[in-house]
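Here is a short briefing for someone meeting this protein for the first time. Please look over the sequence and the model before reading on.

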Amino acid sequence: MGQNRSLNEMKKRILVALLGIGAVSGCQNNELEIPESQSVEYHAKIERIDSKTTLDSDRNIIWNADDMVSIFNRSTVNGLYKVKPGTEGDTSCTLIHVSNPSDTFIGGMEMSHVISLYPYSDKTVCLPASEGAYTLDGIEIGVSQTYSRDSFSPGSFPMAAVSTDTQLSFRNVCGALALQFTGDASITSVKLQGNAGEKLSGEAKITVMIDGDPSVEMKDNASETIVLDCGAGVKLSRTEAVRFIIAVPPTKFASGFTVTLTDTSGKTYEFKTEKENAVGRSYLHVMPAVDLEDAGSDLGGNNPGENQGPV
């Protein structure tokens, strides 16, 4: 058994060494063995607006107890961290390592910074891109998001941080579009599609840097739609508009976009705007309220003012 274990460890080292060949600046060709039982705790704070959690009345993002984060602790090892009990419910929290009892050591290549990404995915890969910049690959921006009242779908709003120590200042990667409707129906889904074929969901690559905002690049096979799943139905009101918030990668929507709602009876309502409506990074773009009876009318938008602002 000890002989097999040594052989498996050797295979891991060989594989890691091969993956590290040709790594660019910022990644040293020194193999690391990182204990899975790391005791390092990280202090994480979030840029103003939501990420995957909940927006409060001040458009702040707060940490939830079940939030999971990828942390690349100065190496290409993707460490799984969670919110420390008792530190959730605020814009700052403490992140602790989640141990994996099946492995004692994991091989990785050394990096110059601590890179972190919410939400956690075991498919996420981090590699240096240039001096002080890193690429996070294996990212998925969901084509289907789940309705959450006055907030985003859990896990739909990625954020990233680059640090030289245990203090992590997360910056939002995406922006958000808030659609507002009145009427008598109960809505089961809201579909968003750009009029110019913009890539809105699916596979993406994120670039982060020590000094600067993150950027996202949608891949060629990404989807041109996002669907907000409203479950059994979200009841609209005649007197007060109901808001549907969709997380969107930074997108200009130079020719506008089209929104299709479906209600519990299967009836669809289509609204369209051909005006430019830009959804910027960490920005909440709020559209004017419209009634379902006006389906087919122009959604409008592109209205700078109190309805729009940083998220």
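Strand β15 pairs with strand β20 (residues 257-263) in the antiparallel sense over 7 bridges. Two strands count as paired if DSSP finds at least two bridges between them. This is a predicted model: local features need pLDDT of at least 70, side-chain atom pairs count only at pLDDT 80 or more, and totals for chains, interfaces and linings use all residues. Residues are numbered from 1 along each chain as its sequence is written, and side-chain values use heavy atoms, with hydrogens and water left out.

- Buried means under 20% relative accessible area, exposed means over 50%, and partly exposed lies in between (1.4 Å probe, protein chains only).

**Overall make-up**

- The protein has 1 helix and 24 strands.
- Both kinds of element are DSSP runs numbered from the N terminus: helices are H or I with at least four residues, strands are E with at least two.
- Of its 311 residues, 46% count as buried.
- The accessible surface comes to about 14500 Å², and 47% of that belongs to carbon and sulfur atoms.
- Accessible areas come from the Shrake-Rupley method with a 1.4 Å probe; for residues, only the protein chains shown count as cover.
- Among contacts between residues at least 6 apart in sequence, 71% join residues at least 24 apart.
- A contact means heavy atoms within 4.5 Å.

**Aromatic pairs**

- Rings of Phe, Tyr and Trp (its six-membered ring) pair if their centres lie within 6.5 Å; planes under 30 degrees apart are stacked, over 60 edge-to-face, and the rest tilted.
- The count by this rule is 8 aromatic pairs.
- Tryptophan 63 and phenylalanine 170 make an edge-to-face pair, at 5.6 Å centre to centre with 70° between the planes.
- Tryptophan 63 sits in the loop between β4 (61-62) and β5 (68-75), and phenylalanine 170 in strand β13 (residues 167-172), so their pair ties together parts that are 107 residues apart in sequence.
- Both partners are buried: tryptophan 63 has a relative accessible area of 0%, and phenylalanine 170 has 2%.
- Phenylalanine 152 and phenylalanine 157 are stacked, with 4.4 Å between centres and 15° between planes.
- Phenylalanine 152 is buried at 0% relative accessible area, and phenylalanine 157 is buried at 0% too.
- One aromatic cluster is formed by Tyr147, Phe181, Phe244 and Phe271.

**Asparagine 277**

- Asparagine 277 lies in the loop between β21 (268-273) and β22 (283-286).
- Its relative accessible area is 0%, which makes asparagine 277 buried.
- The side chain of asparagine 277 reaches the backbone oxygen of lysine 275 at 3.0 Å.

**Confidence**

- pLDDT is the predictor's confidence in each residue, from 0 to 100.
- The mean pLDDT of the protein is 82, and 77% of its residues reach 70 or more.
- Over residues 50-59, pLDDT stays under 50; the model has 56 contacts beyond four places in sequence for this stretch.
- Over residues 303-307, pLDDT also stays under 50, and the model has 6 such contacts beyond four places in sequence.

Methods:
A polar contact is a pair of N or O atoms within 3.5 Å; within protein, one must be able to donate a hydrogen and the other to accept it, and residues adjacent in sequence count only if both atoms are side-chain atoms.
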